[in-house]
Amino acid sequence: MNKEQTITGVIRGTGACVPERVLDNNEIAGFVDTSDKWIRERTGVERRRIVEKETTVSMAAEAGRQALEEAGVSPEEVDMILVATGSADRVFPCTACQVQEILGAVRAVGFDLNAACSGFLFAYNTAQAYISSGICRTILVIGSESLSRLVDWTDRGTCILFGDGAGAVLLKAAEGKSYRPAAHSDGKGGSALTGPGAAGRIRSIDRDCKEAKTEYITMNGKDVFQFAVRNVPQVIQEVLKENELSIEDIDWFVLHQANARIVDAVARRLRLDIGKFPMNLQDYGNTSSASIPILLNELDRKGVLKKGQRIILAGFGAGLSWGASVLEWEIDSNTKG
């Protein structure tokens, strides 16, 4: 690890936005063959938020607005907006450009990044690269998802898992320790978790069809579970080694909120107290790229994270993709009311 002071991106603000509509397990049990107990035992999820009037763009903009507000940064100061999403409202214009318009971040360049449940982590790493290179000084990184629009609500294996929401962090350039991330992809495993796309639509030029074919999220739960519990502990160990840190140097492990059993298994494999692995998936389900920043915002607003603490972020999901990054928390919880 480079122990000299370098220019790095420091989190100065966080934000989150989730839909008003709450869908609990008992309600799901009314239209698929399941129960609250069955879902909780296998996933840890108790309820999730589902978009009605909200959109991927509107939630992203609100989460970003909150992050700017906490950081005390005006929209005009933002150099870049990165939005991680696999459920954009439209293919183009991209979500980031629509967020730029809503926030009035007139100087910011914006683009979307899709790495599914690893999306926020990969976007965070991308922002760090722009900052450390000196290209940008202030970047808004957002994860936003409306997965309920991609879910087959007759498929018990997937509809119980996913929820909607957005989370954001505001990164500002500052002198500090620079940590190297670890990230991987394995396209051979991509069929374990797939989502809809343009290839699933029937073009009228090819066939006389009034309605486009509809595709949904599909998942091999066993394969995804085995992939996660094998690779997440390994990538955490990798990022520790890369930065010459021991596992005792880390105060919190903020993992993608996919399944409580996955988080428990990772903690056991690392021989760590589960208390170091905060979870809120019981309230939101799997929100894909939004899960890590929603959890960070919750921990931030509750004052759980203390200035100077080291945190590992770990994302994993479709691609297959996975990775981990180290950060030092710089927001002073003593300033919160």
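1. Asp283 is partly exposed, at a relative accessible area of 22% (buried is under 20%, exposed over 50%, partly exposed in between, using a 1.4 Å probe and protein chains only). Its salt-bridge partner is Arg47, with the closest N and O atoms 2.4 Å apart; the term means a side-chain nitrogen of Lys or Arg within 4 Å of a carboxyl oxygen of Asp or Glu. This pair links distant parts of the chain, 236 residues apart: Asp283 sits in helix α9 (residues 281-284) and Arg47 in strand β3 (residues 47-50). Helices (H or I, at least four residues) and strands (E, at least two) are DSSP runs, numbered from the N terminus. Arg47 is partly exposed too, at 28% relative accessibility.

2. A word on the model before going on. It is predicted, so to speak of local features takes pLDDT of at least 70 and side-chain atom pairs count only at pLDDT 80 or more, while totals for chains, interfaces and linings use all residues. Residues are numbered from 1 along each chain as its sequence is written, and side-chain values use heavy atoms, leaving out hydrogens and water.

3. Next, Arg149 and Asp89: their side chains form a salt bridge at 3.4 Å, N to O. Arg149 is in the loop between β6 (138-145) and α6 (156-159), and Asp89 in the loop between β4 (80-84) and α4 (95-103), so the bridge ties together parts 60 residues apart in sequence. Both ends are partly exposed, Arg149 at 44% and Asp89 at 32%.

4. Arg310 and Glu328 make another salt bridge, with the closest N and O atoms 3.8 Å apart. Arg310 belongs to strand β12 (residues 310-317) and Glu328 to strand β13 (residues 321-328), so this pair ties together parts 18 residues apart in sequence. Arg310 is buried at 17%, whereas Glu328 is partly exposed at 24%. Elsewhere, shared partners join Arg21, Glu27 and Glu52 into one salt-bridge network. The structure holds 18 salt bridges.

5. Now the helix pair. The axes of α7 (residues 221-242) and α8 (residues 260-269) come within 9 Å and cross at roughly 40 degrees. That makes α7 oblique to α8: angles under 35 degrees count as roughly parallel, over 145 as roughly antiparallel, 65 to 115 as roughly perpendicular, and the rest as oblique.

Key
Axes are lines fitted to C-alpha atoms, for helices over the stretch in contact, and angles run from 0 to 180 degrees between N-to-C directions.
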